Amino acid sequence: METGTSRVKRGMAEMQKGGVIMDVMNAEQAKIAEAAGATAVMALERVPSDIRAAGGVARMADPTIVEEVMKVVSIPVMAKSRIGHFVEAKVLESLGVDYLDESEVLTPADEVFHIDKWDFTVPFVCGAKDLGEALRRIGEGASMIRTKGEPGTGNIVEAVRHMRHINGQIRKVQNMSKDELYAEAKNLGVAHDLLLEVQKLGKLPVVNFAAGGVATPADAALMMHLGADGVFVGSGIFKSEYPEKFARAIVEATTHFRDYKLIAEVSKNLGAPMKGIEISSLKPSERMQDRGW
Amino acid sequence: MKVGVLALQGAVTEHIRSIELAGVEAVAVKKIEELADVQGLIIPGGESTTIGKLMHKYGFIEAIREFSQAGKPIFGTCAGLIVLAKKIEGQDEAHLALMDITVARNAFGRQRESFETDLNIKGIDEPVRAVFIRAPLITSVGNQVEVLSTYQDEIVTARQGHLLVSSYHPELTDDYRLHQYFADMVRAYQGSIS
């Protein structure tokens, strides 16, 4: 009997496919998310849009919140640690969290080193803007990738950019000759064997979700069309007027992303979505996607 | 002959790959109408609460019960096992309630307790590598149910006529022998009606 193997960790992410992972800040929201059909919840002290508004240093959530959420739902519970902050990650693992997110939404604790994720029994998800970043995180032990997008903006454009970019790069790699692949591994700054695996599979060797800006059911469906295995919805749900209805709508649009009539139906009377931020109005220091490498 | 994989949420492509390795054509099933084209159905692993809710929402409960009534084989893995069970511990309502078993969800604990191990299965010669992820357990079975394997004395694979369940994920390895076993059940059904 072996725990924490790659198969067990990556397999856990496979079970999330076609699903929606929702940010929640307390037990009540967690129950709403579960009832709406979320495949997992991300327990947070503040959602990304509030983190933006509050400013200052954003850290791991208070363990009380994480425990409270774990107590009330039977679906998996995820939690975020700062980039490079392996002690926060170990603390969350000790609480029994099912999945860790080494996240650019929080203020990085280390500008050079990401967490050695092989050192954990619990699997990690990490953000990526391009193939190089995705494979570096997988090389460090990540069992799941998500686009970085631009969290807390309610603007899908960055998640679209990242998903299209990663998939375009994979297609390019698929057509490379053996010698070109060695050079590409150097260009991307990734291990050659991982790139070889991508070439063979025609996709990342782990599940790839969309995150960072999903604000409507149509946004979720768009990301599924672009090849996402599922979606994370952060600020979108509990910043909307009717969170319960909104959460259900996102779940259905993700399952039936090709059924436009159904998406039209579930999109009716959802009330005001989160206001959203135009990306060009962000100062460089406010761009969360530029955190990490 | 075609096998459908219920594609509301979960590890759909892995099951399609495994059943195709066993020599059977496979197709993802998202709408109840699509059940008419398949002679066997796999309900994959995923989150049972999500899959259960979407099944209720889109009429799959009645449709799959009819599918089962016709004797067409169904294979449920992990979440698929939970939705097939007559009784789910700690919950008042079951989903499909087709198989005479009681299940306990997340019976081994949280993700950190998830594991893989070698498992002997009745009807399959060599042990199978079984991946248990936040897995359920079968805590009791009716007299029509045959137990095919146990792990530490707990029931993890079972069969009741045309229904097959495993609490682990045979679709996460390259070993497709349990899918082969299910393919044989579908072939037997096909033979019985022609």
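## Annotated site and strand 4 in chain A

Setting aside neighbours within four places in sequence, A:Asp23 is in contact (heavy atoms within 4.5 Å) with A:Met42, A:Leu44, A:Val47, A:Pro48, A:Val233, A:Gly234, A:Ser235 and A:Phe238. This is a predicted model, in which local features need pLDDT of at least 70 and side-chain atom pairs count only at pLDDT 80 or more, while totals for chains, interfaces and linings use all residues. Residues are numbered from 1 along each chain as its sequence is written, chains are lettered from A and ligands numbered from 1 in the order in which they are written, and side-chain values use heavy atoms, leaving out hydrogens and water.

An unreviewed UniProt entry annotates A:Asp23, A:Gly152, A:Gly213, A:Gly234 and A:Ser235 as "binding site"; such annotations may be inferred rather than shown by experiment. They are spread over 213 residues of sequence but cluster in space, with a largest C-alpha distance of 12.5 Å.

Helices (H or I, at least four residues) and strands (E, at least two) are DSSP runs, numbered from the N terminus. Buried means under 20% relative accessible area (1.4 Å probe, protein chains only).

With the same exclusion of neighbours within four places in sequence, A:Ser235 is in contact with A:Asp23, A:Val47, A:Pro48, A:Ser49, A:Gly152 and A:Met274.

In strand 4 (residues 77-82) of chain A, six of six residues are buried. Strand 4 pairs (at least two DSSP bridges) with strand 3 (residues 40-43) of chain A in the parallel sense over three bridges.

Note on methods:
Buried means under 20% relative accessible area, exposed over 50%, partly exposed in between (1.4 Å probe, protein chains only).
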